[in-house]
There are 4 protein chains.
Amino acid sequence: MEELKKLAAKEALRYIDDDMIIGLGTGSTTAYFIQMLGKKLMTEELEDVYGIPTSHQSRLLALESGIPVVTLDEVDAIDIAVDGADEVDPHLNLIKGRGAALTMEKIIEYRAGTFIVLVDESKLVEYLGQRVPVPIEVIPAAWRAIKEELEVFNATAELRMGVKKDGPVITDNGNFILDAKFIKIEDPLDMEIELNNIPGVVENGIFADIADIILVGTKEGVKKLER
Amino acid sequence: MEELKKLAAKEALRYIDDDMIIGLGTGSTTAYFIQMLGKKLMTEELEDVYGIPTSHQSRLLALESGIPVVTLDEVDAIDIAVDGADEVDPHLNLIKGRGAALTMEKIIEYRAGTFIVLVDESKLVEYLGQRVPVPIEVIPAAWRAIKEELEVFNATAELRMGVKKDGPVITDNGNFILDAKFIKIEDPLDMEIELNNIPGVVENGIFADIADIILVGTKEGVKKLER
Amino acid sequence: MEELKKLAAKEALRYIDDDMIIGLGTGSTTAYFIQMLGKKLMTEELEDVYGIPTSHQSRLLALESGIPVVTLDEVDAIDIAVDGADEVDPHLNLIKGRGAALTMEKIIEYRAGTFIVLVDESKLVEYLGQRVPVPIEVIPAAWRAIKEELEVFNATAELRMGVKKDGPVITDNGNFILDAKFIKIEDPLDMEIELNNIPGVVENGIFADIADIILVGTKEGVKKLER
Amino acid sequence: MEELKKLAAKEALRYIDDDMIIGLGTGSTTAYFIQMLGKKLMTEELEDVYGIPTSHQSRLLALESGIPVVTLDEVDAIDIAVDGADEVDPHLNLIKGRGAALTMEKIIEYRAGTFIVLVDESKLVEYLGQRVPVPIEVIPAAWRAIKEELEVFNATAELRMGVKKDGPVITDNGNFILDAKFIKIEDPLDMEIELNNIPGVVENGIFADIADIILVGTKEGVKKLER
């Protein structure tokens, strides 16, 4: 599995050029990409590339890897964003958020000129919700009300609990995560909008219509899906 | 003006009964209501009434006024919510958020059995956006991107700056406020949904289709608008 | 082990009377106490007891268990606080914070009339720092500087990383945790003060001179240590 | 007054060299410094200077002024920090925090090789507490308890209220500010430590023993105080 992730990460590097601003996703697959990008900068194969991290995790890793970081309000445009995903459907819609960084990921990736997604083939599904729940970032006071209201969509939601802290996981923005298991998400774009309009929802892990390229690590090499 | 606000607040009290859970809005008009409600509890004209505050401000005022407070995740339902508004259109759509508490206000008021709005007559407008900007609560990192993207809607947005602190106003949730001046909001419900779907927007100050009763303080007494 | 924890929790219950305000600690040992206290309220063996939680975890558990919760700014005094600890030295000084709730725990327990600590015998040490690191809650921007400065105290600190979120654990207050392994803490009170005075430290997990009673679950029954 | 502030700011510029990392304080006096520094970078009189902001305010101003910004965890050392103060005593102890940025200011300035303070002569006092209160950043839940406990020090504290938001001012870290009026602070270093050790206090506005140079704008020119 790790080999397939590395394959995809390596392929993504080919899209990066000098003088680019790169959105840096969160998670184990993107971590390979960040480390490889750092090496290219160290060896000066690439120059004047800046990263915009989507989480404390990717920021710390970028700094360790020698990638200078900037933030969204310092730049005029993001050239490319690179991130992983938990599910990818045939129309390139995604579920993201296992790492609890979905809000900043969507903030950055929505605004990237090209959004490249790195996955191994186990993440390809027929429809969103097939295997994983949709993480939803919520204002803490509203968690229970939203959990109940999600039943309208036939979703069963659980408050995500911490392991290295007692009680709920807290996001980088100070909020809670509800993991909402849907039976089947028929219309991802519609569901994404409906969820965001529930008062107390900060952002949700459906990323409809924003991925441009999916690089899939397979045993036969990297497969490229495009819109 | 203060007299008209008090008139409306007093009228709202008539909707409150024993054993109710009341959403407590934020701002100067609601403050009269909270103080009057506290008195009714002190004199035992009302009993077993609990308040759910929508901000640090209304929470502190409720405690001072002798109203026991609970939070949304402790109750099964909110009977009535009472709050002010910055603009009310003829279809009872609202703009709220001058006090920067819009996110928690919407979380509470959206879930109230009956949402009662208290205003003086200066707040009645022909269409939303006629006089005041729409406050939008945003994740700090996204403020500049969102400010620029609002131009698509012909809106001019300003980052709200503090007076008793240097730099931007920080909300009770730790975010920034963009005050977005629209020329005219044609379809409030549609605009509310569109704004909420911009990555980085936590919530916005358009409250479409959720007010049930408007109590308007006028020189001729309290006028009641209803859907 | 769980049996010893339950023994201590049960013993703590004997200190609770009607009309008390109880600080509710965080963690697995205190969880037994909270559940037992809830039962006493359900069966009306105890009446008019209110809990002040020290974390989202203990708050949610208290509500599930039927204990009405209040907050520190609603009460005039806290009668008793009950919590666990990671280490207890012979002078009843503590290390706490494995659950990342140390700041709110200290806020509550420092102000309790009586602070009762529940542990099993494995937590008794000869000196603080013997087995566990001291968790230190820090403002995120300062984490690396503080980590380095702790070397002055011969402490090796690690940024605590999440399991159910990528990147660092975020506390209920939105901060990071540094786990600082000291060789030996000679003077706990002095070290507690020194750590708190480092700019960027919000609070640290040394609780010197504030525990009143330690209830130790042992195979021979509950042992009581007192100052 | 503004002229005296500008004089001091201009003098501070003389300490800045190429390749320096500069801590950028918050407030109106430092704002002049930031703008002047930006001009020197624009005209290339200075090169490779990076700023570390102490607040959203100074960060936004630095970016507008053309100063590239970094954060504390990206650098190995801060060469110089420049900031204003609300009071300066004859031993160069300070009260700071009128702009509510005291925590990040102390985090940065404590770690600067040289900390330069810019004031006009109205800020010079005989002893700390003579004219202004000490701002104390506190965890919101603890505000009322701390307010009462400050009476032990003969201090009268007020919760700082917002103007462009209803309810308390929220700091960039999401906390409250208590403004504590002392009769006279006899030993600033001792009081700074005592306040920081109160559970719930994040940081306080006494900056004892950390200023290296005070530049005082007077009608007779800039006066320099040094330790």
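Me: Before we start, how are things numbered, and what counts in a predicted model?
Reply: Residues are numbered from 1 along each chain as its sequence is written, and chains are lettered from A and ligands numbered from 1 in the order in which they are written. Local features need pLDDT of at least 70, side-chain atom pairs count only at pLDDT 80 or more, totals for chains, interfaces and linings use all residues, and side-chain values use heavy atoms, with hydrogens and water left out.

Me: Ok, what rotation superposes chain D on chain C?
Reply: A rotation of 180° with 0.0 Å of shift along its axis, at RMSD 0.0 Å (least squares on the C-alpha atoms of residues with pLDDT of at least 70 in both). The two copies are thus related as by a two-fold rotation axis.

Me: Which C-alpha of chain D is nearest the axis?
Reply: That of V202(D), 2.4 Å from the axis.

Me: Switching to chains B and A: how many residues does the contact take?
Reply: 30 from chain B and 30 from chain A, where contact means heavy atoms within 4.5 Å.

Me: And how many salt bridges across that interface?
Reply: The rule finds 4 (a side-chain nitrogen of Lys or Arg within 4 Å of a carboxyl oxygen of Asp or Glu). One of them joins R111(B) to E149(A), with the closest N and O atoms 2.7 Å apart.

Me: How much area do the two chains bury?
Reply: About 2400 Å² between them, 55% of it on carbon and sulfur atoms. Buried area is the accessible area (1.4 Å probe) that two parts lose on being put together, summed over both.
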